[in-house]
Amino acid sequence: MESEIRILLVDHQSLVRSGIQRLLEDDPQFNVVGEASTGEEAVELARRVKPDVVLMDVQIPGIGGMEATRRIAHACPDTGVVVVTVDVSDPFPAQLLEAGASGYLTKHCDVGEITDAIRAVARGERYISADIAREMALSMLPGKEQSPFDRLSQREMQVMLMVTQGQSVHVISDLLCLSPKTVSTYRYRLYDKLGVDNDVELTHLAIRHGIVTCTAPT
Amino acid sequence: MALSRPFTRAEDNPVHVLLVDSRRLVRQSIQRLLSDSDYLAVTGEAASCDEAIRLARTCQPHVIILNLPGASVDVLDGARKLGRQFPDIRVLVLAEEADIIIQERLLQAGVAGCISSSCSLEELISAIDTILAGERYLSDALAQKLAERRLPGESDSPFDSLTHREMQILLLVVEGKNTRSIARALCLTQKTINGYRHRLLEKLGVETEVALTHLAIREGLIRIPQIG
């Protein structure tokens, strides 16, 4: 019999954790040794139970899946992290792999792909699903870019910050002593460089990257 | 508001569930979890509300579980359509506890219950029991938040005054959709959509749609998770 693989499950939804546990444990090779619903819990448990593989949902409360992956990769070098995300491009795969993830899948995959990924990562290999690999290949850009906002000039950055804080073109043009037409030219160039189509999409991107903050009430 | 016709379950006959979730892995997991229970049986799976509407005719579930993350037009309109076309099927929505505004709208639209998306299997079963008995199910946290909003001195959400149509357009605008795709999604002309967009800004007292997006986040209507 193949050697047992000890797994830590991290997902915000308890129903999903319990279901994945049953799906995995239908195969005797897999043993779920812990469950966590937040990033902090995941790091704490990983340190304690030293699993072979962590199956990590990216969108979890607290420090989030990316930061939890980074901390687990640092604290438990023998543990492999398989990240599961909803969207192919969000967060950017390259950033997650850089954070120390060994496997990367989307929630649109089926359980067969999850078990393949867990086995590969337990053997010390990397596993990236085909749709994500395609996205990564497409987004490869020259240089070692930390954030798409690095592509912006200083002037573009200024305009971007004002737009994403909700200022109108007229206010921006007054503040920067530029004509409204020039401000709009900067805006369209920004859209182009960042791959967005309008101000609201730009705002989503800026918030996701922590460039602009906007917080909900607690 | 009580729901029509309480449901009585025949002995040895499980409750038929139609599960709606866009993510295959999540559908498979929840189905596997429920397969251990004698009480519930997943008899259909759909990736969207539109697919659920098509499936519900043939698989005739007792309960439809909607597990579509976030506040979106898909959830709001999907739940309304399901409620209109299948008045005898109970719809239970798994929602983030913080998404109060959308849950209130869903209950107004006729869903039988809203339960926290992080609930346990026991809580899910108890919610299904409640709605099959013909009652509404609200999670404790939601009930408390909704009650608090009705207390004097509590300020209303600025979105309370919006009509359903305005809410649909608001959700699409703050998602970053352009006029053309909103018009297509709602089967309206672009001119009508532009009229609504303009009116939304006016009604909510903001200058730009970015400011509108900030307002939607601050009021807890939508969330944009930060990465890294």
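Residues are numbered from 1 along each chain as its sequence is written, while chains are lettered from A and ligands numbered from 1 in the order in which they are written. In this predicted model, local features need pLDDT of at least 70 and side-chain atom pairs count only at pLDDT 80 or more, but totals for chains, interfaces and linings use all residues.

**View 1. S18(A) sits in helix α1 of chain A.** This helix covers residues 14–25; helices are DSSP runs of H or I with at least four residues, strands are runs of E with at least two, and both are numbered from the N terminus. S18(A) is buried, because 22 other C-beta atoms lie within 10 Å. (A residue is buried with 20 or more such atoms within 10 Å of its own C-beta, exposed with 12 or fewer, and partly exposed in between; C-beta atoms are placed from the backbone.) Beyond its neighbours within four places in sequence, S18(A) is in contact with L33(B) and L121(B), where contact puts the two C-beta atoms, placed from the backbone, within 7 Å.

**View 2. M56(A) belongs to the largest nonpolar core.** Such a core is a set of buried Ala, Val, Leu, Ile, Met, Phe, Trp, Tyr and Cys residues joined through C-beta atoms within 7 Å. Of its 124 residues, A42(A), V54(A), M56(A) and V82(A) touch the most other members. Helix α7 of chain B, residues 164–174, gives the most to this core, with seven residues.

**View 3. Chain B has 10 helices and six strands.** Of its 228 residues, 39% count as buried.
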